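Below is a brief report on one β-sheet and the strand inside it. Have the viewer ready before reading on.

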Amino acid sequence: MELVILGSGTGVPSLKRGSPAALIKAARQSILLDSGSGTLTRMLQAGVTYKDVDAILYSHIHPDHSADLVPLIFACKYQEDPRTKDLLIIGGMGFRDYFEGLRWVYGSSIEPQTFRIHIREVLTDEVEIGALRVTAIPLEHAPESVGYRVTSTQGKTLAYSGDTDYCPNIVELARGASILLLECSFPEGMKVKGHLTPALAGRIAQEAWCQRLCLTHFYPPCDHADIKKDCRNVFPGEVLLAEDMMRIRI
Ligand SMILES: [Zn+2]
Ligand SMILES: [Zn+2]
């Protein structure tokens, strides 16, 4: 399984960090985790096009995580090179209504002709994507927030938080994971409700006995703090700080 960080930032524009998105490549599947603004271009850099992605897993529908959904579907309609394989889109409760709203706004621009879109809402569910097993669990951020745990055929596991505050479910999601891709929005002393700091992120990884921890979703102040040190004070395991286009073998 390979993880490519497409965007390690937030909704705040940054030349260094794109909006949240990551790509999982495993078992001949390409799965997007969220799709913030700029994801389509970053996908090309990662060697994946709008035609290749098999599924998109949305942690929640805040614009920094979902902005490139409409551009992705619109690109799939490009007549010279249209997408033909079906696209599975998974989101938390209410995602279907959100997508209906997009249809109401964009009409035929996002109505596929050469493939089908399958929408699936999850709460605590298990979904098969090819040979991969994906489980979802609600997290503490927005009402529709869910985290995902992707298990490969070799038993490797990646847990992804999207945005979340500390809660028992994120520890459950990350339990024993090969890698936990976890938000770390703000440095110590700048905690905001619904988000994590390095020490809280470390606490989650420690309580869940994760093998590796990769922090992402950095607001600008994070780039002026020693995030890794503050996290490693709590979690002695391997800590990675996400950068755009970072590739991680799992
Ligand atoms: Zn966010
Ligand atoms: Zn959010």
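## Terms and model

A crossover counts as right-handed if, with the strands pointing away from the viewer, the path from the first strand over the helix to the second runs clockwise. Helices (H or I, at least four residues) and strands (E, at least two) are DSSP runs, numbered from the N terminus.

This is a predicted model: local features need pLDDT of at least 70, side-chain atom pairs count only at pLDDT 80 or more, and totals for chains, interfaces and linings use all residues. Residues are numbered from 1 along each chain as its sequence is written, while chains are lettered from A and ligands numbered from 1 in the order in which they are written.

## The sheet

Seven strands make an open sheet, ordered E7-E8-E9-E10-E11-E12-E13, with mixed pairing. Strand E7 (126-129) and E13 are the edges; each has a single partner strand, so one side of each lacks a neighbour in the sheet. From one strand to the next, the twist averages 20 degrees. Axes here are lines fitted to C-alpha atoms, for helices over the stretch in contact, and angles run from 0 to 180 degrees between N-to-C directions.

Two strands pair if DSSP finds at least two bridges between them. E7 pairs with strand E8 (residues 132-138) in the antiparallel sense, over four bridges. Glu126 sits opposite Thr135 of E8.

## Strand E11

Is E11 buried or exposed? Five of the five residues of this strand (residues 179-183) are buried, so the rest of the structure largely encloses it. Buried means that 20 or more other C-beta atoms, placed from the backbone, lie within 10 Å of the residue's own; exposed means 12 or fewer, and partly exposed is in between. Both faces are covered: Ile179, Leu181 and Glu183 lie on one side, Leu180 and Leu182 on the other.

E11 runs parallel to strand E10 (residues 157-160), joined by three bridges. Tyr160 has Leu181 as its bridge partner. E11 also pairs with strand E12 (residues 212-216), again parallel, over four bridges. There, Leu182 is partnered by Leu215.

## Crossovers and helices

E10, helix H5 (residues 168-174) and E11 form a right-handed β-α-β unit. From E11 the chain passes through helix H6 (residues 198-208) to E12, in a right-handed crossover. E12, helix H7 (residues 227-232) and E13 make a right-handed β-α-β unit.

E12 and strand E13 (residues 238-241) are parallel, with four bridges. Leu213 stands opposite Val239 of E13.
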